[in-house]
Amino acid sequence: MLTSIVIATYNKLEYTQLCIESIRKYTERGSYEIIVVDNQSTDETVDWLKKQDDIKAIYNNQNLGFPKACNQGIEISAGDNILLLNNDTIVTSNWLTNLITALYSASNVGAVGSVTNNCSYLQTIPVNYSNMEEMQDFAHQINHSNPSSWEERLKLIGYCMLIRKSVVDQIGLLDERFTPGNYEDDDYSLRIRLEGYKLLLCKDTFIHHFGSVSFGEVEKSYYDLLNRNRGKFISKWGFHPDEAHHFEMDFVSSLEKPNDSYLRVLHIGSGLGGTLLRIKHEYPNAELYGHEMNESMVQLLNKSLDIKYVDINPSKADLLNNYFDYIYIQNPLVINIDSVSKMLKEDGTLITMYPHLLHYKVIKGMLTGGINRRELQALTLVEVEEIFQKTAFGHVEIVGVVEKTITDENKQFLSSLNQIKNMSISTVHEITHFYVKAKRLDKTAEMKSMVNYILTQTHTEFYLEKMLDYDEQIVINLIEENGGGQFVEILNFLAVQYLDQNNLQLALAYLKAAFEKDQGNSSTLFNLGLTMYRMEQFELALEWFELIPQKSPQVLHWMEQIRMEISIQV
């Protein structure tokens, strides 16, 4: 199988040389061809390329841009696969083998991409190297083919994108309206998915990406180009690319269920389903549902194999009552929260975020006149609280999310704002939005549910960990009120679980409560003795075992062992 590696160049010979030398060193000989399309470089790139015997080259007499250059390379390719590779990358061991393994793992995989140190759309991973030798060592630790590290994505960034040639033949070349570059990879990813193919991000494949070599050095013209090409994308597809492809990691990390759980998740304002696909990666058994108001996105969402589009209009929403475990609302200001809450299961959770009206940037924009009405679609904390006071949620948690990085200029504005309010320090204006997690169950019902999961040994470790969020006395009171005569037995069961996890203090708290209820219960006395033994309180351990009225051989064995421990100490 032959892979055609297509590289577009415009100056920066030193990067091109590093890239091609790494391909030669870390890629199996005979498995690839290198095609370089030069866009009229003015340094020594062309002279160097002409001296390379193993490179097919095209020399343009003007800068035709990235999409056109890639298309020229594809047109003269001979490979079974096309790999679009930026010239400011350095490849690593097993890189191409791993990517090809993922690409041919299923017939409906159309393209794959790697992770790196410098990229957008969360294709970046943390790195700890400081030179290229350390980088190769770092990559060697990662680059072991592993299907569990493949994640389906809505789009792949084009710095390193491997595509089946048959898919290229089916969907056509890159759209040259995006010349000189930017958003052509968004467009191409979308076209691949429209034909029923999946895109995989391969987290088992790392290559280095210098970044900002082609565009980033001319900042203003670069952002002007971004805006122009974004407009071209919107004109072609009928929606904003960033809104269509976004995914919310905060929502994904808020799902408080074991990873093998069967969940129904609805994302209102889902775009094309980026957040939902991320959930699918974390929760393989999840059923995914999306809702969008943009008709163009709805048509594309309906073609997804993994995500079902749902209509939440009042006339149809009744069919979905008590249906979802989680609902995430992207823009809660245009949704009736109370009607949506009816679609949650009894123990379901709604998650959303409200932009903060009193964030300093909003105030600054109003004072300077540099704000639009969309940015004023925000609420204060009091207004958010009022919304949820009128709903049927049993427990509502509202957290202000503070801006992480504030410029010196904005710090000065905040200081002036606090002086006007006669406040020395205040973070209220640094809050960008309010994160809301609303549960239909109140805290008591939620604890009852967790205790039941533990007693039935369903995802026991997960729910034991969750129980640590609650004060043990509250749990004890709950069990006493709802234990149905099994108060002591339940407390002993919980104590044993926490003993197994070496959480001795919590086990002791539950056992003390059980002892106060029934001082003659043999299980309680035995477990108290065992807990004292684990805490190396041997004298106390022996005293608890002595209190057991009917001593089994097991108890007698423990007592003998403890006496030996005491004699050793003496």
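**Close-up views of a predicted model**

View 1. Helix α11 (residues 274-282) lies across β11, β12 (287-291) and β13, and runs at about 170 degrees to β12. Helices and strands here are DSSP runs, H or I of at least four residues for helices and E of at least two for strands, numbered from the N terminus. Angles run from 0 to 180 degrees between N-to-C directions, with axes as lines fitted to C-alpha atoms, for helices over the stretch in contact. This is a predicted model, so to speak of a local feature takes pLDDT of at least 70 and a side-chain atom pair counts only at pLDDT 80 or more, while totals for chains, interfaces and linings use all residues. Residues are numbered from 1 along each chain as its sequence is written, and side-chain values use heavy atoms, with hydrogens and water left out.

**View 2. Seven strands make up an open sheet with mixed pairing.** Read across, the order is β13-β12-β11-β14-β15-β17-β16. β13 (307-309) and β16 (395-402) sit at the edges with a single partner strand each, so one side of each has no neighbour in the sheet. From one strand to the next, the twist averages 20 degrees. Two strands count as paired if DSSP finds at least two bridges between them.

**View 3. Here we zoom in on β14 and its partners.** Six of the six residues of β14 are buried, so the strand is largely enclosed by the rest of the structure. Buried means under 20% relative accessible area, against over 50% for exposed and partly exposed in between, with a 1.4 Å probe and protein chains only. Strand β11 (residues 264-268) pairs with β14 in the parallel sense over four bridges, and H267 has Y328 in β14 as its bridge partner. L350 stands opposite A438 in β17.

**View 4. The second largest pocket has a volume of about 960 Å³.** Of its 34 lining residues, E243, Q330, N331, P355 and R374 are the closest to its centre. β14, β15, α15 (360-368) and β17 (431-439) each supply at least two residues of the lining, and β15 has the largest share with three residues. The lining divides into 16 nonpolar, twelve polar and six charged residues. Ala, Val, Leu, Ile, Met, Phe, Trp, Tyr, Cys and Pro count as nonpolar, Asp, Glu, Lys and Arg as charged, and the others, Gly among them, as polar. On a 1 Å grid over the protein atoms alone, a pocket is an open set of points with protein on both sides within 12 Å along at least five of seven lines, a cavity is a set where a 1.4 Å probe fits but cannot get out, and lining residues have an atom within 4 Å of a point. Grid points are joined across faces, edges and corners, and a volume is the space filled by probe spheres set on the points.

**View 5. The largest cavity has a volume of about 220 Å³.** The structure holds three cavities of 30 Å³ or more. The largest cavity is lined by 16 residues, with E256, K257, D347, K439 and E446 nearest its centre. β14 (324-329), β15 (344-355), α18 (443-455) and α19 (460-467) each supply at least two of the lining residues; α18 gives the most, with four. By class, the lining has five nonpolar, three polar and eight charged residues.

**View 6. The second largest cavity has a volume of about 40 Å³.** Its lining is made up of F66, L84, G158, M161, L174, E184, D185 and Y188, and α7 provides the largest share, three residues. Five of the lining residues are nonpolar, one is polar and two are charged.

**View 7. An open sheet of eight strands has mixed pairing.** The order is β3-β2-β1-β4-β8-β6-β9-β7, with β3 (55-59) and β7 (150-153) as the edge strands, each pairing on one side only. Neighbouring strands are turned by 25 degrees against each other on average, direction ignored. Helix α7 (residues 184-194) packs on the sheet and touches β6 (109-115), β7, β8 (160-164) and β9 (198-206). The direction of α7 makes about 30 degrees with that of β8. Contact means heavy atoms within 4.5 Å.
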